[in-house]
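Shall we take a look?

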Amino acid sequence: MAVNYRETPAGQLQAIDGIRLFVGQAGIKKPQHDDLTLMLLSDGSTVGAVFTQNRFCAAPVRICKQHLFDADGVRALVINTGNANAGTGEEGHDRAMAVCEAAAEQAGCALTQVLPFSTGVILEPLPADKIIAALPKLRPAGWADAARAIMTTDTVPKSASREGKVGEKHTVRATGIAKGSGMIHPNMATMLGFIATDAKVSQPVLQLMTQEIADDTFNSITVDGDTSTNDSFVIIATGKNGQSEIDNIADPRYKQLKELLCGLALELAQAIVRDGEGATKFITIEVCNAESRDEARQAAYAVARSPLVKTAFFASDPNLGRLLAAVGCSGVDLDCNTLKMWLNGVLVAEKGGRAAGYTEEQGQAVMNESEITVRIDLQRGREQAAVYTCDLSHDYVSINADYRS
């Protein structure tokens, strides 16, 4: 079960004007299981997206990169689970394009206006014929249905809605869904994420906003240090709320909208960590007073991705040496004698060793908690960053050992 996270009730997920959702069963891996989602976008919608930086990226990722900037815009997204269509060569590309062609016919748009997304097993041929046959049979759905249909090893659907003022007169709505549980690590954390808003934003500005939001959210999480071949994060702006277009970053509404969508994206990103494969604890690594944000992230990730640290958290073992050793090998040119470290507000290390007032009982009490914050003060500057991770349990090994069976 996910750590302190529950499925958002369908009634709390707001419909976004300009988006129509459909789900159904293609029988790709599991029978009697929704594994296919179609999103239809109203004319005039804009789309921003970022993708995995894994060099072995999947065929749908390569196609999305080509179609994203089509002059006529994006009109449809088609998402399948059960098969990643990665490591499938030219045949994988051709099969993904066949799916795009079928989705385009159903949506009444050009093939290049369709973005395909796949997630699941790598190195197996995409059963395009099953997907194409299932597309006309899809049923109208809501965001809760779509959140469930894109799941793979997730134990709970991940979805959320937000609304807020953008500008003086208009209220903006946004709803998002995400999937991810394992192979979670930047760039850009292993997952699929989709956010839709009724704000009106030009494509170049939305693309920049998507990149900035991804950096602060989905690129700030790690479960196991492995980046997938299919990671994709998409923001859709339908422009249906009646406001004028946000077409430059100097517009005060840019910051307002970015903050709204960033809060939604962070909620979804943290939900992925909370549902990390086999996770029993949600852990925040905060690094402050670094020379640069990149340096702070570098130190934070050294702790967050350490198997020794993560297994200590699973065992509820206050083994502080593992945390200090991880920071020490991060590559940051830090001074061990000035560094300070806290666990949930308890000072545990300073002056190159254990804090004078720290007791083993204090550390044990913190490690027994299901949510833990590690705060590391480098005392080298003024920049900071946070990374979110989970523990590493026996179940992680079992889940991944049995994944293809």
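Asparagine 289 belongs to strand β11 (residues 282–290); helices (H or I, at least four residues) and strands (E, at least two) are DSSP runs, numbered from the N terminus.

Asparagine 4 also has a positive phi, of about 50°, and sits in the segment before β1 (19–24). With 51% relative accessibility, asparagine 4 is exposed. Most residues other than glycine have a negative phi.

## About the model

This is a predicted model, in which local features need pLDDT of at least 70 and side-chain atom pairs count only at pLDDT 80 or more, while totals for chains, interfaces and linings use all residues. Residues are numbered from 1 along each chain as its sequence is written, and side-chain values use heavy atoms, leaving out hydrogens and water.

## An enclosed strand

Strand β10 (residues 232–237) is largely enclosed by the rest of the structure, because six of its six residues are buried. Ser232, Val234 and Ile236 cover one side, with Phe233, Ile235 and Ala237 on the other.

On pairing (at least two DSSP bridges between two strands), β3 (residues 46–51) runs antiparallel to β10 over six bridges, with glycine 48 opposite isoleucine 235. Strand β9 (residues 192–197) is parallel to β10, also joined by six bridges.

Definitions and conventions: Buried means under 20% relative accessible area, exposed over 50%, partly exposed in between (1.4 Å probe, protein chains only).
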